[in-house]
Amino acid sequence: MPSTVLIGGQWGDEGKGKIIDLLTEDVDFVVRMQGGSNAGHTVRIGSEEFVLHLIPSGILHENKKCIIGNGVVLDPQSLFEEIETLTSKGVRVGENLLISETTHIIFPYHKLLDVLREKLKGSKKIGTTGRGISPAYMDKVGYMGIRAIDLLDEDVLREKLRTNLHEKNLFLTRVYDHESLDFKEVFTQYCEYGERMKPFVHDTAIILNEALKNNKNILFEGAQGTLLDVNFGTYPYVTASSTTAGGACTGSATGPTWIDLVVGVVKAYTTRVGSGPLPTEFPPEADFVDRKRDREYGSTTGRSRRCGWFDSVILRHSVRVNGIGAVALTKLDVLDSVPRIKICVAYRYNGELIRDFPNSMRVLGNCEPVYEEMDGWVTPTSDIRRYEDLPENARKYIERLSELIQAPIEIISVGSERSQTIFRGEPLVRRGSSARHAAVRLPVGVEERRGPTMAGGPPRRPGRPGGQGGGVRT
Ligand code: IMP
């Protein structure tokens, strides 16, 4: 019974909400392990649309437990707004929602400092969502964060908040020329939040590990995307958390040996919001994406997304740093009316051909994409449900992407409805680790850079009879 980590393969907004919702059918627990209410997972069920920022999308399913893990930074105001919206639409939020005792809490000063810092940076701003994410993680690693469990103890909260607010008010008044925040007001508000949060707060490390031992199916729901990861993204144009698969372990108290499969959700083209390099960004005359029709406005901030061609250099990096074993390719239908399609296969910088993701943002920001071109399919795909019924050129596109990124494309989404999905093979969550062994042909010129494979298949997984860990990355 597998544990599956689902992450975004690009800069977020890959359409993870819908894929998470589909995979949730087969799991018992859905776990959020990083980020905060900067995320926006959109799920459409019939005529109803749900946008979830903090609460795992599993909440929309009966009988699923949803965990907000220790790796998340939680804004109580946002949490209660979300709970109210969900309950007003008839969704039950009760003992099915569990919040880790060690989840860090976002305070008003985090949100304020986020906005003021961006303002101060002027043209060098990151383009954050203004939700206080980076300031909250700064406090966490600066040993001054306040955690969910601290909200439940007034004395602890009083002491920590007094110390923190003293420092934050110095920043607010002396650096940013802003008025200070009132201790009593914040304290009273957060005592109230603590009271309301109490029924949800648990030692989720114990609950989750019991579930793993009892062979429950777990889906780890990543937010944002690989290129926004604080370690592996386009730093400093990133978010403050580990958005890659490794974040599932540190953000939820799950040992890496429990993870069976990493699913990467990848859009059939590229988008990003906020500042930072985007090598394949469309010049205005080639931009075929209709932001409204194709839903390319941020679901959290409403900002128009920057769009570009599919970038396989980015994706090879993503497959590598996440250990992606299966890809869900989304929004293929957006390409339905494009007569010629480009795929970025490498970059050129100062006359040199670059095939691997460059860590220098100077290189990434100034490189020229090298494109392969192919004919589009110019046929609607939204009503197609079987892979073999896709137009030949659409299949050629998918197969070429798979070859270039060195990962099997197992799910193809051709619209926002649950039903607008093409599955290739067995449902992923049930199949688990076998997805790792799907044969993928490598792109020409890549073979010589492959590392040694593990002869004799993957080692047996510790702790779970008959389980498998590690594995051959093809
Ligand atoms: P922050 O996470 O609000 O600090 O923003 C840092 C960067 O991550 C900015 O470029 C944001 O636009 C981007 N970002 C944060 N959350 C998301 C998301 O859910 N989707 C896409 N981009 C995001």
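Predicted model: local features only at pLDDT ≥ 70, side-chain atom pairs only at ≥ 80, totals over all residues.

1. As to its setting, Glu14 is placed in the loop between strand E1 (3–8) and helix H1 (16–24). Is Glu14 buried or exposed? Glu14 counts as buried because its relative accessible area is 0%, and the cut-off for that class is under 20%.

2. Leaving aside residues up to four places away in sequence, Glu14 touches a set of residues that includes Gln224, Gly225, Val265, Val266, Lys267 and Thr330. For the chain as a whole, 75% of the contacts with a separation of 6 or more are accounted for by residues 24 or more positions apart.

3. Turning to the surface, Leu120, Phe171 and Val175 form a nonpolar patch, which together has about 290 Å² of accessible area. Leu120 belongs to helix H3 (residues 108–121), and this residue is classed as exposed because its relative accessible area is 60%, where the class requires over 50%.

4. At the level of the whole chain, there are 13 helices and 20 strands, and 57% of the 474 residues count as buried. The accessible surface of the chain comes to about 19900 Å², and carbon and sulfur atoms hold 50% of that surface.

Conventions:
Residues numbered from 1 in each chain as written. Heavy atoms only, no water. Helix = DSSP H or I, 4+ residues; strand = E, 2+ residues; numbered from the N terminus. Buried < 20%, exposed > 50% of the residue type's maximum accessible area, 1.4 Å probe, protein only. Contact = heavy atoms within 4.5 Å. Areas by Shrake-Rupley, 256 points an atom, 1.4 Å probe, with all protein chains shown as cover. Patch = residues over 30% accessible without salt bridge, like charges linked within 9 Å, V, L, I, M, F, W, Y side chains within 5 Å. Salt bridge = Lys/Arg side-chain N within 4 Å of Asp/Glu carboxyl O.
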